[in-house]
Amino acid sequence: MTTYLVTGCAGFIANEVAAQLIESGAKVVGIDNVNDYYDVRLKEHRLERLQSHDADRFEFVRGDIENQETLAELFEKHSFDGVLNLAARAGVRYSMENPHVYMTTNAMGSLNLLDQMQRHGVKKYVLASTSSLYAGQPMPFVETLPVNTPISPYAASKKAAEAMAFAYHHLYDIDVTICRYFTVYGPAGRPDMCIFRFIKWIDEGTPIELFGDGEQSRDFTYVSDIASGTIAALKPVGYEIVNLGGGGTPVSLNTIIEMLEQRLGKKAKVEHKTFHKADIKTTSADITKARERLGWTPKVDLEEGIDASVAWYREHQPWSSELLLP
Ligand SMILES: NC(=O)c1ccc[n+]([C@@H]2O[C@H](COP(=O)([O-])OP(=O)(O)OC[C@H]3O[C@@H](n4cnc5c(N)ncnc54)[C@H](O)[C@@H]3O)[C@@H](O)[C@H]2O)c1
């Protein structure tokens, strides 16, 4: 049976990637340290979904990709057909408060995985990277743009991970696909990201904390599309960087707030804060390469995706509204 190592499997995106891989008939070994950057109840909830499968389809390791011994044991025990590395410290703003963990997990953790792959002859690596790297570049963002001026420790740590993956590709013929994701949202989404926070705040009548004037916009991408793109990225490519984004017109946070108000039947109260220096104003993905090389296009439009996100929140109340925001 084809077996993949999926890191960060209690996380928002890797959880969906693991679920889709299992659905397709593969076995998934998932690792996650279930850290408390955001409410661990949400991570445990996501894990339950995977743990409902038999042990021959899903195996969970509560462990840290920073720990070389843990990884050595894992690679000794299993023969992986590929590694999908999504475990990360992923919040842009928190990366200013605690930059060191970004380097130890995102850069060193990635190196630890590549090192084990090289030792055990594992030939396929998919790395989750980010549109944050394109800060300051002209839009739509295309993979050939230079990304040498990251504006947050988070983006800088992902740049390090990308560069190390190239070195391992060059030296050891590891086939690498770097997926640069554009603002991912959906059911059981991250409580540090705007859509989850806005749903909660509008629903409970708490003022929305909005950085800047709300006209900053994002190329929102639905989680199941991101997961299918990540799986398509398992295809042998040599070394490629591929954008996975909505590919349409970027949507402003003010528009998102209006869409949520309609669905929740409540008016948002908004509290404006200064625009954050580590944030990008607008993101827009050129997804031609993903279409041509991976045969991937996003399927779920924003209306449908927001419906599903609100529906998940409602279905899981009161528990979902009790989740703590970081
Ligand atoms: N969500 C987005 O919009 C977005 C955009 C661009 C890139 N990404 C990237 O996609 C990947 C997944 O992001 P997400 O939104 O699902 O975030 P997430 O925080 O929900 O998931 C990351 C998971 O990794 C785990 N983890 C962190 N450090 C670890 C370590 N040292 N060892 C083992 N596990 C560890 C966490 O516990 C968490 O469950 C990340 O690499 C992130 O940088 C996400």
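**View 1. Charges of the protein chain.** Lys and Arg count as positive and Asp and Glu as negative, while His and the chain ends are not counted; the place of a charge is taken as NZ of Lys, CZ of Arg, CG of Asp or CD of Glu. In this predicted model, local features need pLDDT of at least 70 and side-chain atom pairs count only at pLDDT 80 or more, whereas totals for chains, interfaces and linings use all residues. Residues are numbered from 1 along each chain as its sequence is written, and side-chain values use heavy atoms, without hydrogens and water. The 33 positive and 43 negative charges of the protein chain have mean positions 3 Å apart.

**View 2. The largest nonpolar core.** A nonpolar core is a set of buried (under 20% relative accessible area, 1.4 Å probe, protein chains only) Ala, Val, Leu, Ile, Met, Phe, Trp, Tyr and Cys residues joined through side-chain atoms within 4.5 Å. The largest such core has 76 residues, and those with the most contacts inside it include Leu84, Phe198 and Ile306.

**View 3. Surroundings of Tyr181.** Tyr181 is also among the residues with the most contacts inside the largest core. Apart from neighbours within four places in sequence, Tyr181 is in contact (heavy atoms within 4.5 Å) with residues including Ile13, Leu86, Ser129, Ile226 and Leu244.

**View 4. The second core.** A separate core of 25 residues includes Ile65, Phe80, Ile174 and Val176. Of the 326 residues of the protein chain, 56% count as buried.

Notes
Buried < 20%, exposed > 50% of the residue type's maximum accessible area, 1.4 Å probe, protein only.
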